[in-house]
Number of protein chains: 2
Amino acid sequence: MVATDIATRVWNHTFKLDPIVRSLLDTDFYKLLMLQMVRGLHPDVSVTFSLINRSKGVRLADIVDEAELREQLDHARSLTFSKREMIWLAGNSFYGTKQIFRPDFLEWLAGFQLPEYELRRVDGQFELDFHGPWTHTMMWEIPALAIINELRSRAVLKQFKRFELDVLYARAKAKMWEKVERLQALPNLKLTDFGTRRRHSFLWQRWCVEALKEGLGDRFIGSSNVLLAMETDLEAIGTNAHELPMVLAALADSDEELRGAPYRVLEQWQSYYGGNLLIVLPDTFGTGSFLANAPAWLAGWTGFRPDSAPAIQGGEEIIAWWRMMGENPREKLLVFSDGMDADTIEKTYRHFDGRVRMSFGWGTNLTNDFRGVSPEPMGGLDPISLVCKVAKVNGRPAVKLSDNPAKATGEPEAVERYKRIFGETPYEARALAV
Amino acid sequence: MVATDIATRVWNHTFKLDPIVRSLLDTDFYKLLMLQMVRGLHPDVSVTFSLINRSKGVRLADIVDEAELREQLDHARSLTFSKREMIWLAGNSFYGTKQIFRPDFLEWLAGFQLPEYELRRVDGQFELDFHGPWTHTMMWEIPALAIINELRSRAVLKQFKRFELDVLYARAKAKMWEKVERLQALPNLKLTDFGTRRRHSFLWQRWCVEALKEGLGDRFIGSSNVLLAMETDLEAIGTNAHELPMVLAALADSDEELRGAPYRVLEQWQSYYGGNLLIVLPDTFGTGSFLANAPAWLAGWTGFRPDSAPAIQGGEEIIAWWRMMGENPREKLLVFSDGMDADTIEKTYRHFDGRVRMSFGWGTNLTNDFRGVSPEPMGGLDPISLVCKVAKVNGRPAVKLSDNPAKATGEPEAVERYKRIFGETPYEARALAV
């Protein structure tokens with residue numbers, strides 16, 4: 001019997017839009033945690049997020065159709081949290097804590113929609129800005145990036161014949177599974193999917209998450225993607241991001257206040273969250289100056305997430321600081337999340353195993369590693385370094401220095417001022433593959 | 001929209017039998033060519049075909065359920081050629097010739113059904129015999145082998161979870177496509193699918209054939225599988241097999257007649273077919289004695305298919321004979337078909353390129369190469385050396401010597417007699433992976 005499912009076939013050939021983002025939960029969990037705090041403490045701050053394509057050689061606006069991009073962004077703007085999503089957010093435990101989201105926040109969230117966007121094509125690139133209240137613009141970062149990355153994949157895949165697509169995904173699965181098998185050799189591994197923003201596609205991210213669940217069992221501890229966490233019964237993982245210190249720093253009215261901003265934001269965080277959510281992200285203006293001036297109470301936090309220093313040096317720097325502060329690193333947690341892949345995870349794991357608790361946030365190299373798997377070598381599916389960053393805060397420039405000078409953002413004058421205050425990073429610039 | 005196709009789902013979970021062989025065309029093309037000649041010249045010869053599992057370590061009857069095997073064999077017996085199949089056989093050109101099948105043969109074929117079988121379990125193996133007229137028993141060889149091999153695959157795959165199956169086939173596709181890419185480097189390659197009898201499954205063979213079509217274009221010249229050739233608009237490929245000289249040899253009433261049997265069968269072949277179908281299979285009783293005593297007219301045939309000597313030595317032996325007979329090897333064809341894989345195809349191609357026309361029949365290593373692709377290494381999917389050979393002819397023992405002593409078959413006394421008459425092969429026994 002050859003049964004053609006006519007309804008499916010007709011459906012496949014007639015739909016107008018195949019939405020990339022179909023739920024407001026299709027975002028990183030830390031956005032919801034930060035949003036609750038931002039709405040509570042900074043409801044009137046105005047923040048502009050802007051798209052930055054650090055892979056300048058890839059002329060995105062020549063690859064992705066502007067009208068398609070607008071359709072996808074408009075579709076995302078039409079979304080609200082569904083009833084069952086709201087019920088899950090209210091009823092689920094996150095990081096072992098019930099009711100982490102307060103009732104008044106959830107009530108407000110039920111009415112949430114993504115705000116307007118500004119899109120222009122300039123010299124083969126998209127200029128995409130989100131102006132408005134921080135409580136709204138911050139929620140665009142993840143869906144905007146996921147949409148652009150998937151539209152780029154789709155544009156490339158349109159040139160593939162059916163059979164080539166079959167081989168492409170077969171190879172991608174085989175490549176991914178080889179990594180899973182390598183990681184199976186690490187008995188105390190704790191791994192998390194951090195790959196939403198730069199994923200090849202939503203369906204591919206879901207496949208990767210299922211592969212990790214199947215292949216690593218308990219060693220795969222969850223996904224930063226709230227929708228996938230809900231749908232696959234995984235933990236939703238994530239704490240806080242650079243936007244918090246960047247915004248508080250930009251709001252500072254003096255050099256003194258600026259110098260204190262990275263710690264003030266953590267005091268605020270502590271007033272909202274506890275336990276395993278007390279993870280320090282130390283590199284926004286350089287880890288060195290952060291640790292040098294850090295208040296003693298920070299040593300009591302659960303862990304650090306070094307996100308731009310080379311993993312081993314960055315980890316050692318923090319361990320040395322814990323020791324200096326009288327803490328036992330074996331009771332502390334390091335979360336590695338900067339451009340990790342199977343080999344760097346292995347190397348970092350073996351370096352620190354037994355000396356500190358570790359977990360790994362695996363992002364782009366998990367959900368968008370099609371390098372070498374395309375039947376026609378072309379590079380069009382290789383991941384690019386696309387970010388969406390805080391650019392302005394109440395009209396003032398925002399700055400990130402980072403431990404990797406290649407990741408610094410901000411207007412040159414402002415960057416110089418921050419360097420005067422926080423010092424230069426001792427690390428050299430490293431190329432950004434992702 | 002998550003649309004579950006309820007009808008498909010219910011169908012998938014309720015069918016009783018998933019037939020492995022669904023058409024009498026799901027066999028090797030040479031069987032039809034030989035059948036036409038056998039029916040014309042030897043309609044009253046009685047031939048027993050018997051299953052031989054040369055991979056004795058694999059206890060087939062402990063793996064494959066006997067009742068399932070009977071169901072599949074019974075289903076194959078229920079088949080007749082369909083109207084459109086008969087129309088295609090009558091109307092299609094084969095090897096550039098129209099009406100290669102004569103009307104009276106096709107009329108007879110329309111009523112053809114597979115005859116009875118005898119199946120017993122003995123010490124972990126199946127004894128499977130087909131007794132009766134040669135015109136009927138010969139048609140069991142390919143479907144019987146395909147059924148047993150696929151039942152073995154299915155038995156192993158029953159232990160796999162859904163995700164493991166996904167990874168298994170992804171890896172198998174990736175492995176297969178790597179071979180295709182290697183073969184793309186050979187500009188004058190002529191490749192044929194010869195993988196029906198030992199395929200992993202029918203659907204997998206179809207995928208492999210599609211992969212070759214897509215990846216090699218004109219360099220993939222066809223399939224021995226008549227059904228796949230018809231369905232995918234490829235040439236049906238094949239000429240003649242060992243059973244012809246084996247049966248004629250067994251019918252010989254004297255040593256003298258026996259010595260001439262390998263040539264008599266080719267005279268008969270020539271009375272039925274011409275052109276590119278004039279391919280000599282010289283190794284049934286050893287290529288050495290075959291060439292030493294071959295009549296001069298055989299040098300005029302299109303080519304040879306060395307099927308058990310090491311490819312390069314076997315080819316050189318035939319080229320030397322052509323030269324001795326005053327033929328130009330560049331106008332001749334060598335068909336290599338013994339356990340070929342991408343590396344031996346490459347090596348043989350590069351060795352003979354420019355000196356002789358070549359084509360490659362790629363069998364088990366094309367359609368059943370799951371070595372190393374299973375998520376759980378177990379070997380249960382590795383191919384085995386399973387054959388179905390002529391055992392008796394009108395009650396007399398049948399013998400094959402071959403250029404590889406490991407491939408010799410027949411009762412010891414009869415084998416000794418044949419060795420006396422045809423001589424011993426100069427080649428050493430080589431292990432049979434497939």
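How many residue pairs are in polar contact between chain A and chain B? The count is six, with both residues at pLDDT 80 or more; a polar contact is a pair of N or O atoms within 3.5 Å, where within protein one must be able to donate a hydrogen and the other to accept it, and residues adjacent in sequence count only if both atoms are side-chain atoms.

Colleagues, this is a predicted model, in which local features need pLDDT of at least 70, side-chain atom pairs count only at pLDDT 80 or more, and totals for chains, interfaces and linings use all residues. Residues are numbered from 1 along each chain as its sequence is written, chains are lettered from A and ligands numbered from 1 in the order in which they are written, and side-chain values use heavy atoms, with hydrogens and water left out.

On confidence, chain A has an average pLDDT (the predictor's confidence in each residue, from 0 to 100) of 95. For the complex, the predictor gives an ipTM of 0.81 and a pTM of 0.88.

Let me turn to the interface. Chain A and chain B each contribute 20 residues to the contact, meaning heavy atoms within 4.5 Å. Six salt bridges cross the interface, each a side-chain nitrogen of Lys or Arg within 4 Å of a carboxyl oxygen of Asp or Glu. One salt bridge joins R171(A) to E181(B), at 2.7 Å from N to O.

Which helix supplies the largest share of the side of chain A that touches chain B? Helix 9 of chain A does, with ten residues; helices here are DSSP runs (H or I, at least four residues), numbered from the N terminus.

Key
Helix = DSSP H or I, 4+ residues; strand = E, 2+ residues; numbered from the N terminus.
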